[in-house]
Amino acid sequence: MGDLPGIVINGVSGRMGQMLVRVVGESAQARLTGALERPGHPWIGQDLGRAMGGADLGVVVSDDPLEVVATAHAVIDFTAPAASVDLATITAQARVVHVIGTTGFEDAHLKRLAAAARHAVIVRAGNMSLGVNLLVQLTKRVAAALDESFDIEIVEAHHNQKVDAPSGTALMLGEAAAEGRNVVLETVADRGRDGITGRRERGHIGFAAIRGGDVVGEHDVIFAGAGERVVLRHIATDRAIFARGALRAALWGQGKNPGEYDMIDVLGLRAE
């Protein structure tokens, strides 16, 4: 076990954090060596397993990333933009793979992540599942095949605790559609409609977000033409798919050159 890559999980008390603990704990390819939470969190100083309501795991929850990351091979991080960016500075110094599933980054955040990636591997994706990343590739190909007579709408649904919209996955799909049509998403995105909006702009890519209940994640990419529609859909029913994808990314990143990567790279889906 001691030879297996050591994984640190940031934000262990959250939905994804606890799922990651379980997935890494069940893996025969990695071992859990650290658990991080924000300063002041009630789990700090407790054994992680006991904090989660189970048996001791021998890993104490810490609020000191410098100490915890120093002995790790990878950090998996589904938290908040500011927290992920701050942690990236530390993972870069330690030359540790940083897998980021956090969404909602602003341009200033992305610039700091790019700076960190000059020193270490960062794998960042709005969605870590195999199915979604296949959907991204399909979206790009269909968008390239269908001209602007087909309107593109992206509809996503998530649980009522999600704080950002559109989802990171929806934006990934929008970027793929825009790339397929050789346009810049920011110039054609319609991210909110309310009131008298006027007719739909030809060539624009629309987004709609649904929030409710415990929906794990649903995404539709709709290509609507005259007399026909093409709908690409992915439905997630278990967030373990994201945790397994994140662990796969952490293992894939071992030995890679510093840089920014995504799940398309991890899964070998990038077109030549």
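Mentor: Start with the elements. Helices are DSSP runs of H or I with at least four residues, strands are runs of E with at least two, and both are numbered from the N terminus. N182, for instance, is found in the loop between helix 7 and helix 8 (185–188). Before we go on, some ground rules. This is a predicted model, where local features need pLDDT of at least 70, side-chain atom pairs count only at pLDDT 80 or more, and totals for chains, interfaces and linings use all residues. Residues are numbered from 1 along each chain as its sequence is written, and side-chain values use heavy atoms, with hydrogens and water left out.

Trainee: How many helices and strands are in the protein?

Mentor: The protein has 10 helices and 12 strands.

Trainee: What share of the residues counts as buried?

Mentor: Buried means under 20% relative accessible area, exposed means over 50%, and partly exposed is in between (1.4 Å probe, protein chains only). Of the 272 residues, 49% count as buried.

Trainee: Which residues touch the most other members of the largest nonpolar core?

Mentor: A nonpolar core is a set of buried Ala, Val, Leu, Ile, Met, Phe, Trp, Tyr and Cys residues joined through side-chain atoms within 4.5 Å. The largest one here has 38 residues, and I7, I9, V12, L20, L48, I76 and V99 touch the most other members. Helix 9 (residues 240–252) gives this core its largest share, 7 residues. Apart from it lies another core of 22 residues, among them V132, A143, L173 and V221.

Trainee: Take V99. Which residues does V99 touch?

Mentor: Contact means heavy atoms within 4.5 Å. Not counting residues up to four places away in sequence, V99 touches V75, I76, D77, V123, M128, A246, A249 and A250. Now the whole chain: residues 24 or more positions apart account for 68% of the contacts with a separation of 6 or more.

Trainee: Next, L36. Is L36 buried or exposed?

Mentor: L36 is found in strand 2 (residues 31–36). Its relative accessibility is 3%, so L36 counts as buried. Leaving aside neighbours within four places in sequence, its contacts include V8, I9, V12, P65 and L87. S13 is 23 residues from L36 along the chain, and their C-alpha atoms are separated by 8.9 Å.

Trainee: You named P65. Where is the place of P65?

Mentor: P65 sits in helix 3 (residues 65–69). At 21% relative accessibility, P65 counts as partly exposed. Beyond neighbours within four places in sequence, P65 is in contact with L36, A70, L87 and I90.

Trainee: Now the backbone. Which residues does a cis peptide bond join?

Mentor: A165 and P166 are joined by one, with omega of about -10°. P166 lies in the loop between strand 7 and helix 7 (168–180).

Trainee: Which residue other than glycine has a positive phi near 60°?

Mentor: R95 is one of them. R95 lies in the loop between helix 4 (81–94) and strand 5 (97–100). Its relative accessibility of 55% is why R95 counts as exposed. N182 also has a positive phi, of about 60°, although N182 is not a glycine. At 72% relative accessibility, N182 counts as exposed.

Trainee: One more residue. Where does E186 lie?

Mentor: E186 lies in helix 8. E186 is exposed, with a relative accessible area of 61%. E186 and E175 are 11 residues apart in sequence and 9.0 Å apart in space, C-alpha to C-alpha.
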